[in-house]
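Trainee: I would like to learn how to read a model feature by feature. Could we go through one together?
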Amino acid sequence: MILDFLLPAPCVVCGRLPKPLCEDCETRAQISISTIGSIKVFSAGLLEGDLEQVVRSYKDKHRMALEKSLRELLRVSIEAARQLDHFDAFALPPRNPSNYRQRGFSPVERLAKNPALSSLKRVRISASRRLVDQRGLGFQQRKANLNFAFSAQPGSGNILLVDDVMTTGATLQELARCLRSAGYGVSTGCVVANRSASDLRPAKGPEFGGF
Ligand SMILES: [Zn+2]
């Protein structure tokens, strides 16, 4: 992965040298707000085309040079949410140990090292039981997999949910449930990219993974 920084690398989208993501293929943030359950979700782009390619290359092919672009998209998404609401803290989905072992890093934790979050403290979420890898699961299966899967220490305040991508929204919904039952308020989530509403259908191939 370090080669990205030392040698000219072909663009992960168009294949041209010398940058891992050329200016033509870099996604410019386009904020959209969707609703999943009672949560407003801010997203900087749709999980399709060039952006999907970049997210996949980063999360599943360890193209760490793409991290800067994705972190910037997340920053814009979070700033948009913070203009409309006040948050006392943020929360991320807990690590899925098998995904973490496989990847060697946690995409969402790395992207959350973000200037837009530096003034907020983090509420820790733990996984209350073992979860299967979410990739390849449709909405109902993900919901069942995540049902009462997370827990948080009791507390109060308004919490901003942060994730890298939203595929079915099941992860954000479980995060909101566990935080609310611990006493927090939750109304908003921010992601780099989400699937468009018309795309929320059963997976037709490998899906983005879990958390
Ligand atoms: Zn390109």
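Trainee: In which loop does H62 lie?

Mentor: Keep in mind that this model is predicted. H62 lies in the loop between α2 and α3 (67–84).

Trainee: What is the phi of H62?

Mentor: The general idea comes first. Most residues other than glycine have a negative phi, and most peptide bonds are trans. Here, phi of H62 is near 60°, a positive value in a residue other than glycine.

Trainee: Which peptide bond is cis?

Mentor: The bond from L17 to P18 is cis, and its omega is near 5°. P18 sits in the loop between α1 (3–6) and β1.

Trainee: Now the sheet. In what order do the six strands run?

Mentor: Strands of a sheet pair through backbone hydrogen bonds, either parallel or antiparallel. In this model the six strands form an open sheet, ordered β1-β2-β8-β7-β3-β4, with mixed pairing. β1 (32–36) and β4 (121–122) stand at the edges with a single partner strand each, so one side of each has no neighbour in the sheet.

Trainee: In what sense do β1 and β2 pair, parallel or antiparallel?

Mentor: Antiparallel, over five bridges. One of the bridge pairs joins S32 to S43 in β2. β1 and β2 form a hairpin with two residues between them. In the turn, G37 has a positive phi of about 60°.

Trainee: And in what sense do β3 and β7 pair?

Mentor: Parallel. Strand β3 (residues 89–91) meets strand β7 (residues 158–166) over three bridges. F90 has L160 in β7 as its bridge partner.

Trainee: Which strands does helix α7 lie across?

Mentor: Helix α7 (residues 170–181) lies across β1, β2 (39–43), β3, β7 and β8 (185–194). Relative to β7, helix α7 runs at about 160°.

Trainee: How many salt bridges does a search of the whole structure find?

Mentor: Side chains of opposite charge can pair when their charged atoms come close. The search finds twelve salt bridges. Take E52 and R56: they form a salt bridge, with the closest N and O atoms 3.5 Å apart.

Trainee: Why are E52 and R56 separated by about one helical turn?

Mentor: Because they are four residues apart in helix α2 (residues 49–61).

Trainee: Last, pockets. Which residues line the second largest pocket?

Mentor: Rolling a probe the size of a water molecule over the atoms shows where empty space is left. The second largest pocket has a volume of about 170 Å³. Its lining is K19, P20, L21, E26, A65, L66, K68 and S69. By class, that lining has four nonpolar, one polar and three charged residues.

Note on methods:
Residues numbered from 1 in each chain as written. Predicted model: local features only at pLDDT ≥ 70, side-chain atom pairs only at ≥ 80, totals over all residues. Heavy atoms only, no water. 1 Å grid on protein atoms, 1.4 Å probe; cavity = no way out; pocket = protein on both sides within 12 Å on 5 of 7 lines; lining within 4 Å. Points joined across faces, edges and corners; volume = space filled by probe spheres on them. Nonpolar A, V, L, I, M, F, W, Y, C, P; charged D, E, K, R; others polar. Pairing = 2+ DSSP bridges. Contact = heavy atoms within 4.5 Å. Axes fitted to C-alpha atoms, helices over the stretch in contact; angles between N-to-C directions. Salt bridge = Lys/Arg side-chain N within 4 Å of Asp/Glu carboxyl O.
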